[in-house]
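Please open the model in your viewer and keep the selection tool at hand. We will go from stop to stop, picking out a few residues each time.

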Amino acid sequence: MRVLGVDPGLTRCGLGVVDGLPGRRLRIVAVGVATSEPSLDVDQRLLRIERGIEEYLEEHAPDALAVERVFAQHNVSTVMGTAQVAGLAMVAAARRRIPVAMHTPSEVKAAVTGSGRAGKAQVQTMVQRLLALDELPRPADAADALALAICHLWRPAGSVGAPQRPPGALTPAQQAWAGAEQAARARR
């Protein structure tokens with residue numbers, strides 16, 4: 001199964017693609033950050049982030065999308081931007097009939113480190129270890145996106161998209177494409 005993890009943010013949106021199955025070795029496919037400049041108007045910032053998300057969806061054809069659930073913070077403008085970006089990712093996935101799940105930060109930390117109160121450094125270190133990376137994934141947004149993908153592979157029932165959409169929800173062309181993608185991944 002291939003999962004695209006999205007750590008939503010208006011300045012930096014972490015994107016991480018991981019292949020794996022429960023009990024099997026995980027494999028990193030791609031990791032990056034979609035960015036927008038704070039000097040731009042919010043609509044232009046959202047457009048830039050959305051383009052990055054769309055590129056990852058097109059290039060990597062994930063089986064599921066895992067998005068960090070936005071939680072209340074003291075800075076309302078930060079929460080608004082984060083929620084808007086999360087919405088962009090969910091809509092882009094829904095257009096492609098890709099199941100979407102949301103995972104809380106503590107759920108992700110617990111899945112990856114064993115503690116829901118782990119710090120950023122612990123998450124980065126465990127992501128590095130779990131994916132057998134030569135160095136820590138940076139920036140933290142990218143590491144968080146990979147952690148979201150890992151969490152979803154190990155704990156697939158998120159708050160949206162669980163249970164997974166039935167196979168009949170896909171068009172015949174989408175079913176054929178998904179089958180071909182899975183077969184190609186199995187040969188690698």
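A nonpolar core, our starting point, is a set of buried Ala, Val, Leu, Ile, Met, Phe, Trp, Tyr and Cys residues joined through side-chain atoms within 4.5 Å. Buried here means under 20% relative accessible area, exposed means over 50%, and partly exposed lies in between, using a 1.4 Å probe and protein chains only. The model is predicted, so to speak of local features a pLDDT of at least 70 is needed, side-chain atom pairs count only at pLDDT 80 or more, and totals for chains, interfaces and linings use all residues. Residues are numbered from 1 along each chain as its sequence is written, and side-chain values use heavy atoms, with hydrogens and water left out.

**Stop 1: the cores**

Select L4, V6, C13, L15, I53 and L65: of the 22 residues in the largest nonpolar core, these touch the most other members. Now colour the elements that give two or more residues to this core: β1 (2–7), β2 (12–19), β3 (27–35), α1 (42–60), β4 (64–68) and α2 (76–95). Helices (H or I, at least four residues) and strands (E, at least two) are DSSP runs, numbered from the N terminus. For a second, separate core of 20 residues, pick V18, V123, L133 and L146, which are among its members.

Next, zoom in on L15. Contact means heavy atoms within 4.5 Å. Not counting residues up to four places away in sequence, L15 touches L4, G5, V6, A30, V31, G32, A34, G52, I53, Y56 and A145.

**Stop 2: the sheet**

In what order do the five strands of the open sheet lie? The order is β3-β2-β1-β4-β5, with mixed pairing; two strands pair if DSSP finds at least two bridges between them. Look at β3 and β5 (100–103) at the edges: each has a single partner strand, so one side of each is left without a neighbour in the sheet.

Select β2 next. Seven of its eight residues are buried, so β2 is largely enclosed by the rest of the structure. A hairpin through four residues joins β1 to β2, and these antiparallel strands share six bridges. Across that pair, L4 stands opposite V17 in β2. Eight bridges join β2 to β3, which also run antiparallel. Here L15 stands opposite G32 in β3, and G14 has V33 as its bridge partner.

α1 touches β1, β2, β3 and β4, and its direction makes about 160° with that of β3. α2 touches β1, β2, β4 and β5, and its direction makes about 170° with that of β4. Axes are lines fitted to C-alpha atoms, for helices over the stretch in contact, and angles run from 0 to 180 degrees between N-to-C directions.

**Stop 3: helix α4**

Which residues of helix α4 (residues 120–130) are buried? They are V123, Q124, V127 and Q128. Look down the axis of α4: its buried residues fall within an arc of 135°, so they line one face of the helix. That arc is taken from the directions from the helix axis to the C-beta atoms. On the other side of α4, find A121 and R129, which are exposed. The buried residues of α4 pack against α3 (105–113) and α5 (140–154).

Finish on Q124, which is buried with a relative accessible area of 12%. Leaving aside its neighbours within four places in sequence, Q124 is in contact with L136, P137, R138, P139, A140 and A143.
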